[in-house]
Amino acid sequence: HRIHKSLRTRLDSAPSQFDVRIFRQLAVSPNGELVFRALGKLWRQDLAGQRAPQRLTKSVQAESEPAWSPDGRQLAYVEWNDETGSSLKLRAASGKEKVIAHSRGVIRQPQFSHDGRRVAYRIMERDGAMGGAADRAGIYLVNVDGTGAKFLTEGSGLAQFSPDDKRIYFFGSPDFYGRKAVLLRSIGVDGKEARDQAYAETADTGDFVLSPDGKWLAFKEFNQLYVMPYKESDSPFAVTAVGNKEARRLTVTDGFELVWAPDSSKMLWMLGRDL
């Protein structure tokens, strides 16, 4: 046997500069400012790319899930601490921050109402690796001043408010035997009258993203992004691009985490480090 020396590569464990290969959780403000997550922190940059990304805060905690208010004056995001759990924060343009909700569980997907007065969010199912959860998993609603927090319903994901702010769209539990692998539902902000709106029959279709004006539905099918008109009816409808003349394909290779511009005029998505 011929014995060779092991291949070893020298790596700098703390380089002064680092090329980010992927970023996630993009949020777009009405004036074109971007906030996104990379390296466990939130960063801000203009959509035109005329200035380099800058850290949003100086916090040492993990930051995630940014969401702009409709007027672009406030940003909601989640801060995680291994000892205390999740804090849902609002950050004003001045940099002043306040906590409007807290949970030992994992808070995700904050969404502002169109009038900017309330924020909906989701608490994930219990995860022992994250310290467990003391709060019931599901969809919650809270006023922007931190008052009136309440549980609305169980849900596996949060979409957004209806255009009139009377209902909240969310994702129900998958029903694979009933051929509803993805189920888009809605419920009144009073926690009543939950109903099914749309569904995907198989796991090959998913990632439903409603436009802010409620007129369009973007989705992913067989790893490609599509968009189609969204029209509600008395019964839920199946979402698919197969045989659907109204569905327009957006991508050639792939795409992830599609988001709408606040005025529903355009869509943005990510692929690795590209926007």
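Two strands are taken to pair if DSSP finds at least two bridges between them; strands are themselves DSSP runs (E, at least two residues), numbered from the N terminus. In that sense, β18 and β19 pair in an antiparallel manner over 6 bridges. The structure is a predicted model, in which local features need pLDDT of at least 70 and side-chain atom pairs count only at pLDDT 80 or more, while totals for chains, interfaces and linings use all residues. Residues are numbered from 1 along each chain as its sequence is written, and side-chain values use heavy atoms, with hydrogens and water left out.

**Sheet and strand pairing**

- An open sheet is formed by 4 strands in the order β17-β18-β19-β21, with antiparallel pairing.
- At its edges lie β17 and β21 (248-249), each of which pairs on one side only.
- Within the β18 and β19 pairing, tryptophan 216 has proline 229 of β19 as its bridge partner.
- Strands of a sheet pair through backbone hydrogen bonds, either parallel or antiparallel.

- Strands β22 (residues 256-260) and β23 (residues 267-270) are joined in the antiparallel sense by 3 bridges.
- Valine 259 has leucine 268, in β23, as its bridge partner.

**Nonpolar cores**

- A nonpolar core is a set of buried Ala, Val, Leu, Ile, Met, Phe, Trp, Tyr and Cys residues joined through side-chain atoms within 4.5 Å, where buried means under 20% relative accessible area (1.4 Å probe, protein chains only).
- The largest such core has 18 residues, and those with the most contacts inside it are Leu184, Phe208, Leu217, Phe219, Met228, Tyr230 and Val239.
- At least two residues of this core come from each of β14 (167-172), β15 (182-188), β16 (195-200), β17 (205-210), β18 (216-221) and β19 (224-229).
- A second, separate core has 14 residues, among them Ala76, Leu90, Ala101 and Ile107.
- Leaving aside residues up to four places away in sequence, Tyr230 touches (heavy atoms within 4.5 Å) Tyr169, Leu184, Gln197, Leu210, Gly214, Lys215, Trp216, Leu217 and Phe237.

**Positive phi within strands**

- Glutamine 25 belongs to strand β1 (residues 24-28) and has a positive phi, near 55°, although this residue is not glycine.
- The relative accessible area of glutamine 25 is 14%, so this residue is buried.
- Aspartate 207, in strand β17, is likewise a residue other than glycine with a positive phi, of about 55°.

Terms used
Buried < 20%, exposed > 50% of the residue type's maximum accessible area, 1.4 Å probe, protein only.
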